[in-house]
Amino acid sequence: MSANRNADCVVVGASFAGLACALALARAGVRVTIAEKKTDPGEKLHTTGILVRDVVDAVPILQGLPLALVKRVDAVRLYAPNLSSVDLAAPGYYFLATDTPALLRWLADRAVQAGAELRCGTLFRGAQPIAGGFDLGKPLGRTSFLVGADGPASRVAKALGLGQNRQFLAGIEHEYWGAQLAQPEYLHCFIDRRLMPGYIGWMVQGVHGVQVGLARRLRGPGAADVKSAMAGLLAKAAPVADFRGVAVNSIRAGLIPCGGLVRPLARRRALLVGDAAGLVSPVTAGGIHTALTHGLAAGGAVADFLGGRSADPQREFVRTYPRFRIKRLLRFGFDHFQADWVFNLALASAPMRWAAGRIYFHQRAVVLESPAETRRLEPR
Ligand SMILES: Cc1cc2nc3c(=O)[nH]c(=O)nc-3n(C[C@H](O)[C@H](O)[C@H](O)COP(=O)(O)OP(=O)(O)OC[C@H]3O[C@@H](n4cnc5c(N)ncnc54)[C@H](O)[C@@H]3O)c2cc1C
């Protein structure tokens, strides 16, 4: 394709939302260009990349995902601040840790094979409304439709006067390549209000080693000091696996929007999807599932509009995005009433298990150990 050819649709961002959207557009025969500022979709990631089982079942573009790119994790071991823990699982339900750089490259290849043009090293700078679309300037040129899939601090949203995320968690993760957990079948999750206010810390056996990370509220004094919090988490999690003083191979860090959908989500001939739209669960902070699902659906809606089969997606389509009403309430509760003593006392209680089951498994979880057997690890 020549550098100056105009696309019917430009998608900004070659991550989960953008690649899913572009794939759906290309499959529908739309000339679509993906503009990605990085030189490779798999570089400089800011995600752990854990998928829940539902995603693999429900998102058709993940069919055929090479097994080498994933590692199955069957259950959750949830640690209270005092390191007592319960194990949670749900029948037939599991998580997949992923080789996320390779997964994104695999998705990008699928989009390109379907006919999308992927332009890496291409920064979206701004958009000028013109008759029938937008002028994005050089090198992207004109387009009939613009999709902002450019993450939590969306420049597309800003340029078009669309809604922007205002509430965030700050996340950081260390990767220890080649490391092995003693109990790799668990996603180890740590609750501690001092270290991780508003969220949790985690440790998981990934495809190439162990990933240890945390997210915390991005508000209040010292709230953004994720590095000190990470040192605290490494010390806290040492009885599970001790990575203190171990050289870190890679660090992933970024913002997680947790305030729900932005407003407005769309305007004539433009819409937002994925983190740019605030499509992240305010409770679990997981956004890959929604980025993929709604990215695909957005691609279909834009293709229908460009093909004259439906009205501009701003009218109907963006109303299909989840509103996270209950999850926003839960986030409010966690933000304002999180107390370590409650988890220390009641981690294995029935209401806590019910809540944890809903959050981790979207259903009632089976507790693998009875409360009487709840373990207590001693801090090292
Ligand atoms: C530490 C951490 C861990 C997480 N772990 C998980 C997890 O395990 N499971 C889960 O479901 N969710 C997780 N999330 C959330 C998840 O990563 C996001 O919800 C998901 O990546 C959203 O995908 P997206 O395509 O909308 O945006 P992003 O993944 O943010 O991608 C945006 C893309 O747009 C590109 N871009 C940005 N601006 C421009 C521009 N101006 N021009 C061109 N390109 C641009 C970026 O380079 C990037 O490639 C985590 C988040 C963090 C921060």
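# Legends for the close-up views

**Figure 1. The whole protein chain, for orientation.** Of the contacts in the protein chain that link residues at least 6 apart in sequence, 74% join residues at least 24 apart; two residues are in contact if their C-beta atoms, placed from the backbone, lie within 7 Å. Please keep in mind that this is a predicted model, in which local features need a pLDDT of at least 70 and side-chain atom pairs count only at pLDDT 80 or more, while totals for chains, interfaces and linings use all residues. Residue numbers start from 1 along each chain as its sequence is written. The protein chain has 9 helices and 20 strands, which are DSSP runs numbered from the N terminus (helices: H or I, at least four residues; strands: E, at least two). Along the principal axes, the C-alpha atoms of the protein chain fill a box of roughly 65 × 40 × 40 Å. The radius of gyration of the protein chain is 21 Å, which agrees with the value near 21 Å for a compact globule of 380 residues; this radius is taken over C-alpha atoms, and the globule rule is 2.2 Å times the number of residues to the power 0.38. Buried residues account for 47% of the 380 residues in the protein chain. Here a residue is buried if 20 or more other C-beta atoms lie within 10 Å of its own, exposed if 12 or fewer, and partly exposed in between, with C-beta atoms placed from the backbone.

**Figure 2. Confidence along the protein chain.** The average pLDDT of the protein chain is 90, and 92% of the residues score at least 70; pLDDT is the predictor's confidence in each residue, from 0 to 100. Over residues 369-374 the pLDDT is below 50, and this stretch has 9 contacts in the model beyond near neighbours in sequence. Where pLDDT is low, the predicted coordinates should not be read in detail.

Figure 3. The protein chain is divided into domain 1 (7-47 + 99-166 + 261-324) and domain 2 (67-97 + 167-258 + 327-376), with bounds from an automatic or database domain assignment. The C-alpha centres of the two domains lie 30 Å apart. Each domain gives 20 residues to the contact. On the side of domain 1 that touches domain 2, there are 11 nonpolar, 6 polar and 3 charged residues. For these classes, Ala, Val, Leu, Ile, Met, Phe, Trp, Tyr, Cys and Pro count as nonpolar, Asp, Glu, Lys and Arg as charged, and the others, Gly among them, as polar.

**Figure 4. The shell around the ligand.** The ligand is surrounded by 37 residues, and the closest are Gly13, Gly151, Gly171, Gly274 and Gly287; a residue is near a molecule or strand if its C-beta atom, placed from the backbone, lies within 6 Å of it. The ligand lies between domain 1 and domain 2, because both give residues to the shell around it. Helix H1 (16-27), strand S2 (32-36), strand S12 (168-177), strand S16 (250-257) and H6 each supply at least two residues of this shell. By class, the shell has 14 nonpolar, 15 polar and 8 charged residues.

**Figure 5. Thr290 in helix H6.** Look for Thr290 in helix H6, which covers residues 288-306. Thr290 counts as buried because it has 23 C-beta neighbours inside 10 Å. Its contacts, leaving aside neighbours within four places in sequence, are Leu279, Val280 and Pro322. From C-alpha to C-alpha, Thr290 and Cys258 are 13 Å apart in space, and they are 32 residues apart in sequence.

**Figure 6. Val76 in strand S5.** Val76 sits in strand S5 (residues 75-79). With 24 C-beta neighbours inside 10 Å, Val76 counts as buried. Not counting residues up to four places away in sequence, Val76 touches Leu88, Tyr186, Leu187, Cys189 and Tyr360.

Figure 7. Most residues other than glycine have a negative phi, and most peptide bonds are trans. Lys138 and Pro139 are joined by a cis peptide bond with omega about 0°, and Pro139 is in the loop between strand S10 (133-135) and strand S11 (142-148). Another cis peptide bond, with omega about -10°, joins Arg263 and Pro264; Pro264 lies in the loop between S16 and strand S17 (266-267). Leu83 is not a glycine, yet it has a positive phi of about 70°. Leu83 belongs to the loop between S5 and strand S6 (84-89) and, with 18 C-beta neighbours inside 10 Å, counts as partly exposed. Phe324 also has a positive phi, near 55°. Phe324 is in the loop between H6 and helix H7 (325-337), and its 21 C-beta neighbours inside 10 Å make it count as buried.
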